[in-house]
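I opened the notebook to record what I looked up in this chain, going from the whole fold to single residues. The structure comes first, then my entries.

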Amino acid sequence: MCSGRSEADLISNLPGSIIENILGCLPLRDVVRTSILSREWRYKWVTCPELVFDFWFDQMFLGNHKLEKLVYPILELHQGPLIKFALQVPAFRSCPDIDQWVDLIPSNTIQDFTLHISRGDNHQLPFRIFTFNQLRKLKLYRCVLNPPLGKGFNKLLNLDLQNVDLVPETFASFISACLMLERLRMIDCTSFDCLEIDASKLKFLEFHGVFRSISFENSPLLAEVIISFSSIDFGTGKCFSSNLIKSLSCLPSLEELHLQAFALEELAEDGLPKKLPVTLETLKILHLSDMYFEKIEEICCVLCLIRSSPNLQKLKITAFTFDVVDSVGEYLRAQKSSDCLLAQLKTVDMLLFSGVEPEMEFVKYLLASATGLEEMAILPHAGSVSDGGQSILNELKQFPRASAKAEIINVKNES
C-alpha cells in the first residue's frame, strides 16, 4: 500500500516539463482522462503541448456529443505553448466554429497544424492562419487556401494539400515565400495551366491532379518527384511531353522519378525517337506506372526515357495491359540491345505482369541490354495468371542475359 502511494507520488512530483513530454506522447483521449486520477492531476492536461482531435478522440468522447461543443472549451482552458493542433475527426464538416478555434491557437508557438474536412463544402481558411510564423508542418484537406499575395510561412518544412482549392495565379508566389519548404504534396487540388515551383530548399514533390505544363524556377535540391494525373485529358496542349521532360531535365539533383507512362506518348508525335533531346544524368530510380504494352508509341517513349538516363540503377514498371497487339511485339524484336547498353541498371521490378507477348519482349530487351543487372523481380497479375507466374518465370529464365549475375525471381514464389 505504501509502495503504491510512493510510486504515485514519484510520478506526481516529476518536473512539469517531463510530465508535459509524457502527456505529449499520449492520444488526447488519454491525456484528458488523467484528470480523474486525483485532484492534483485534474488540470495537468491543460498544459499539454499537443491537441489532436482524431478517430480515437471521436470513438472515446464524442458518442452523441457534438465536436463543436468540446473543442472550444478545451482550447479555452489550455495554458502554455501549443505546438501541435490537429482536427481530423471522421465525417467532420465545415462550420463557422473552426475560425473561432483558430483564434484561440497561439500563433507564436504552433508548429504543426492539420485541418481535415471530411464532408460538405471546402472550408475557407481564416487569414489568421497566415500569422502562424513558427509553422513547420501544415496539412489541409478540403479547404480553400488563398493567402495574401507574397505571403507564405518562413519556417514551413512540410506542406500537404488534398482536395484544396487554390488560386493558380498566386500559388507560385505563396510557394516561393515558404523559404524553407522541403516537402510538398498536392493531391486532387485545383487544376493548373502551368504549375510553377520556385522553392530553393525543396527535396520532395508529389503531385496528383491536372496541369498542362510545369516549371521549376529554382529547385536545385529537388531529388524525388512523383507525378500522376487524375484525367487522361491532362495533356491536350501541344508538346506536353516535351515540356515535361525539359522541365525535369533542369533539376540538377533529380534522383528518383515516378511518372505515369502515358504522359510520354506525345514524344512520338514526330516519329519514334531513340533518345531524348536532353539527358537525365542524375536519375537513379525510375518508376513508370499504368504502362499500356499494347501501344507502340508508349513503348517507344519509355525506351527513349530509359536510354536517356545513363546512370539509372533501378527501374520499376507497373503494367496496365488489356489487349495483345502483334505490331508491338514486332517493334520490340526489332530493337537492338547495342543501341544502348544499360551499364548502371542493377534492379528491375515488373509489377502486374501478365506474360503477354509485348511484356515478354520488353523484358527480353532489358535482359539483353542491362550489362550490370543483378535482379529482375516479377509480380504476376493475379487476375490473368493462373499458376502464380511459374510458367512465365520458367520462360523468362531462358532469355539471353547481358549480365551473368542477373537473377530472375517471382516475388510470390521466389525460385
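The entries below go from chain totals to helices, loops, a strand residue and cysteines.

**Ground rules.** I am working with a predicted model, in which local features need pLDDT of at least 70 and side-chain atom pairs count only at pLDDT 80 or more, while totals for chains, interfaces and linings use all residues. Residues are numbered from 1 along each chain as its sequence is written, and side-chain values use heavy atoms, with hydrogens and water left out.

**Whole chain.** I looked up the secondary structure and found 12 helices and 18 strands, where helices (H or I, at least four residues) and strands (E, at least two) are DSSP runs numbered from the N terminus. Of the 415 residues, 47% are buried; buried means under 20% relative accessible area, exposed over 50%, and partly exposed in between (1.4 Å probe, protein chains only). For contacts, defined as heavy atoms within 4.5 Å, I noted that 64% of those with a separation of 6 or more join residues 24 or more positions apart. The chain exposes about 19500 Å², and carbon and sulfur atoms supply 50% of that area, computed by the Shrake-Rupley method with a 1.4 Å probe, counting for residues only the protein chains shown as cover.

Which residues of helix H8 (residues 240–249) are buried? I listed Phe240, Ser241, Leu244, Ile245, Ser247 and Leu248. Viewed down the axis of H8, these buried residues fall within an arc of 160°, so they line one face of the helix; the arc is that of the directions from the helix axis to the C-beta atoms. An α-helix has 3.6 residues a turn, so residues three or four places apart point the same way. The buried residues of H8 pack against strands S11 (211–216), S12 (224–229) and S13 (256–260), and against helix H9 (296–307).

In helix H10 (residues 326–333) I found Val328, Gly329, Tyr331 and Leu332 buried. Down the axis of H10, its buried residues also lie within an arc of 160°, so they line one face of the helix. The cover over the buried residues of H10 includes H9 and helix H11 (357–369).

**Serine 215.** This residue lies in strand S11 and counts as buried at 16% relative accessibility. Leaving aside neighbours within four places in sequence, I found serine 215 in contact with Cys194, Leu195, Glu196, Ile197 and Ser247, and Ser247 is one of the buried residues of H8.

**Loop residues.** Histidine 78 sits in the loop between helix H5 (68–77) and strand S2 (84–87). Is histidine 78 buried or exposed? Histidine 78 is buried, with a relative accessible area of 12%, and, neighbours within four places in sequence aside, its contacts are Val46, Thr47, Cys48, Pro49 and Leu51.

Asparagine 146, in the loop between strand S6 (143–144) and strand S7 (158–162), is partly exposed at 35% relative accessible area. Not counting residues up to four places away in sequence, asparagine 146 touches Gln124, Phe127, Phe130, Val167 and Thr170; from threonine 170 it is 24 residues apart in sequence and 8.1 Å apart in space, C-alpha to C-alpha.

**Cysteines.** I searched the whole structure for disulfides (pairs of cysteine sulfur atoms within 2.5 Å) and found zero. Cysteine 301 is in no disulfide, and the nearest cysteine sulfur, that of cysteine 300, is 4.8 Å away. Cysteine 301 counts as buried, at 0% relative accessibility.
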